[in-house]
Amino acid sequence: MTDAQRHAINDYWQQYGVEFSKSMLDLDLLFQRSAPKVLDIGTGMGEVTASLAKDYPDNDYLAVEVHRPGVGSLIRRIVRDGLSNIRIINHDVTDVLHYQLPPDSLDMIYIFFPDPWPKKRHHKRRMINMEFLGLLKKCLKDNGRVFIATDWQDYAGHILETFSRDMDFINLAGAGRYAPRPSWRPFTKFEKRGTRLTHVIRDFIYGCRKQKIT
């Protein structure tokens, strides 16, 4: 962690940070308004989150990142750009989804370039699995959207296969297909690195259609 990142956390965490707890958040109260709520999972150094919050000020962005230097970097961007529509939780997103986010509270979820854990013995560590989809579904509103991007072919196939097993998620590009790259999605350093390595970038857009129990 750099001195600048450390100072950003020390000076501005009370303003932009959200402590993890097992109590449900009131997101409208947290952001002091009613607006579309976006969960940005694994924000890295925060460049994409800050760019989206700046370009789409009518959305509120809840960033979840476990890496404290990344949290400090994002807070620096928030302060530099005078952004009021970002809050940050420095904790594992599985716990945040399970305990802290209310049911039917999110309009969109972004998962851009999650750790692919490429070695087969590490595949069980991948974020996207059936249990995780259940948590996403709980917190998404009906007709909410999940946007994902990866540059790892094996992980892309895993994502397609996992989502295909949950009938409440609809692949908006068509079954078994990848989505066009959203024009609004900023380029990340991971995407640029993947491109340099000649990896194919694959995007996914899933709609959440919750089955009604009658």
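Is Asn143 buried or exposed? In this predicted model, Asn143 is exposed, with a relative accessible area of 52%, where exposed denotes over 50%, buried under 20% and partly exposed the range in between (1.4 Å probe, protein chains only). Local features require pLDDT of at least 70 and side-chain atom pairs pLDDT 80 or more, whereas totals for chains, interfaces and linings use all residues of the predicted model. Residues are numbered from 1 along each chain as its sequence is written, and side-chain values use heavy atoms, with hydrogens and water left out.

Asn143 lies in strand β6 (residues 140-150); strands (E, at least two residues) and helices (H or I, at least four) are DSSP runs, numbered from the N terminus. Although not a glycine, Asn143 adopts a positive phi of about 70 degrees. A positive phi, of about 55 degrees, is also found at the non-glycine residue Asp104, which is placed in the loop between α5 (93-100) and β5. Asp104 counts as partly exposed because its relative accessibility is 45%.

The open sheet comprises 8 strands in the order β1-β4-β3-β2-β5-β6-β8-β7, with mixed pairing. Two strands are taken to pair if DSSP finds at least two bridges between them. Strand β3 (residues 60-64) and strand β4 (residues 86-89) pair in the parallel sense over 4 bridges, and Ala63 has Ile88 in β4 as its bridge partner.

Arg121 occupies the loop between β5 (106-112) and α6 (130-139) and counts as exposed because its relative accessibility is 56%.
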